[in-house]
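Please read the points with the view open beside you.

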Protein chains: 2
Amino acid sequence: MARRSDHTRNELHELIITTAIRIIDDEGFAALSARKISGEIGYSAGTIYNVYKSMDDLIVTINARSLDIMASQIKSLPHSVGQTPCDQLKAMAKIYLNFVHSHKERWFALFTHRLPAGHSLPDDFTTKITALFAPIERAILSLYAESSTTGSSKDAKLAARTLWASVHGICFIDQSGKMPLVSTQYDASNMVNCLIDSFVAGLRA
Amino acid sequence: MARRSDHTRNELHELIITTAIRIIDDEGFAALSARKISGEIGYSAGTIYNVYKSMDDLIVTINARSLDIMASQIKSLPHSVGQTPCDQLKAMAKIYLNFVHSHKERWFALFTHRLPAGHSLPDDFTTKITALFAPIERAILSLYAESSTTGSSKDAKLAARTLWASVHGICFIDQSGKMPLVSTQYDASNMVNCLIDSFVAGLRA
DNA sequence: TTTTTTATTGAACATTGTTCATTATTGTGC
DNA sequence: GCACAATAATGAACAATGTTCAATAAAAAA
């Protein structure tokens, strides 16, 4: 068979992505395949390759969308007046935690997918990640200001990255199922609070 | 063809594991396959399934070995007399960091591999992970003792898990290549120091 | 209406994990 | 030593994967 006009190029683009995301969410990242997507939208597998360069390309696009979701949620956070920097940081961490819990598989895709050797992530992808750090850096800078601690912009950048990576690690361990949790006292939410309370207190000291 | 006596059962076991590890280390986790292993040791692919239940089974065994290596390195750490708890924690984190750097792909396998739904990790695997926490908990308990901070055993368990997960997250972000590092000031080693210094100071306060 | 362009297909290829009847070799009982 | 039984290794087979590409049918242009 051949050319149809059921969908515009853009519609197909979107159709493939949303279908892929549905599969990832409902059946797991490992269940994603070109044939499964195409079968579900009523096209052949080859069509996927008409729209995306490769499966890797599609996955990177999906991952970029995950970053967009988190960024928009952080952006729509009620403004920080009257909130301590510590509370601001906790609010941001909560958004991250929430995303991990409600989109476990998509988050797994985001951080475990790797491009084959030689290929590298598109620029706008890394830009999105960098953007995620900005609000955290700001909160830490205002922490320095508040507590008359000497801390440069460089220190704030380092602290922001450290804190973010740590939150990420807590989510990872929590979700991987590889750490025996013993009790609910050691779930991700409690660990993140423990981390931020101590880390912030430590930065002050 | 058929039965040979080139290797005992145990030798074959070991031969398969060491070959698989070589492939992971040299060619990446993604390059690991039953046919590649078997081809390299001069057996057919089916033989792998004579010795291991599945590829997953083999990978879990390899991952358990990674845990063993880290555990033995932590165990052989010079004893903690005259060292502050903070230094002890840094020494342990350094071991972890070192493993990640020298066995990047094996570490990636350890934390990204997942069993198919329904299957769960063997008990001795989770036991090994729990064992890794013990020295960290001890260091944190002695931190409490040293600085007359009130801290229960439960608090120490939570703090130990939190700190360990955080170090893990820093390594993950560092090696995933997804975080644009901007400068070498934000490499894993600096971030871990930043984390432990602040976290420990915070626990004291 | 004819021609050109182009979107879609389906067959094909290489590679994956996994199973299993077949077979050659080893160990056992006489 | 010989027949027999136990078993380890095989290689073909199956389903599924990503990916490519000539063939083709429909839409757009002439």
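1. Start with A:Ser198. This residue sits in helix H9 of chain A, residues 188–204. Helices here are DSSP runs of H or I with at least four residues, numbered from the N terminus. A:Ser198 is buried, at a relative accessible area of 8%. Buried means under 20% relative accessible area, exposed means over 50%, and partly exposed lies in between (1.4 Å probe, protein chains only). Contact means heavy atoms within 4.5 Å.

2. A word on the basis. This is a predicted model, in which local features need pLDDT of at least 70 and side-chain atom pairs count only at pLDDT 80 or more, while totals for chains, interfaces and linings use all residues. Residues are numbered from 1 along each chain as its sequence is written, chains are lettered from A and ligands numbered from 1 in the order in which they are written, and side-chain values use heavy atoms, with hydrogens and water left out.

3. How are the two copies related? A rotation of 180 degrees, with 0.0 Å of shift along its axis, superposes chain B on chain A at RMSD 0.0 Å. The two copies are thus related as by a two-fold rotation axis.

4. Now the rings. The structure holds 13 aromatic pairs over all chains. A:Phe111 and B:Phe172 form one of them, edge-to-face, at 6.5 Å centre to centre and 70 degrees between the planes. This pair crosses between chains, from helix H6 (residues 104–112) of chain A to helix H8 (residues 153–176) of chain B. Both A:Phe111 and B:Phe172 are buried. Rings of Phe, Tyr and Trp (its six-membered ring) pair if their centres lie within 6.5 Å; planes under 30 degrees apart are stacked, over 60 edge-to-face, the rest tilted. One aromatic cluster draws on both chains, including A:Tyr96, A:Trp107, B:Phe133 and B:Trp164.

5. Two arginines lie over ring faces. A:Arg114 is over B:Phe108, at 3.5 Å from the ring centre. A:Arg161 is over A:Phe133, at 4.8 Å from the ring centre. The criterion is NZ of Lys or CZ of Arg within 6 Å of the ring centre and within 35 degrees of the ring normal.

6. Look next at helix H5 of chain A. Among its buried residues are A:Leu89, A:Met92 and A:Tyr96. The buried residues of H5(A) pack against H4, H6, H7, H8 and H9 of chain A.

7. The largest nonpolar core has 100 residues; A:Leu89, A:Tyr96, A:Ile140, B:Leu89, B:Tyr96 and B:Ile140 have the most contacts inside it. Such a core is a set of buried Ala, Val, Leu, Ile, Met, Phe, Trp, Tyr and Cys residues joined through side-chain atoms within 4.5 Å. B:Ile140 touches B:Leu89, B:Ala156 and B:Leu203, among others.

8. Finally, a loop residue. B:Gln83 lies between helix H4 and helix H5 of chain B. B:Gln83 is partly exposed, at 33% relative accessible area. The C-alpha atoms of B:Gln83 and B:Gly39 are separated by 50 Å, at 44 residues apart along the chain.

Technical notes. Helices (H or I, at least four residues) and strands (E, at least two) are DSSP runs, numbered from the N terminus. Copies are superposed by least squares on the C-alpha atoms of residues with pLDDT of at least 70 in both. Lists of a residue's contacts leave out its neighbours within four places in sequence.
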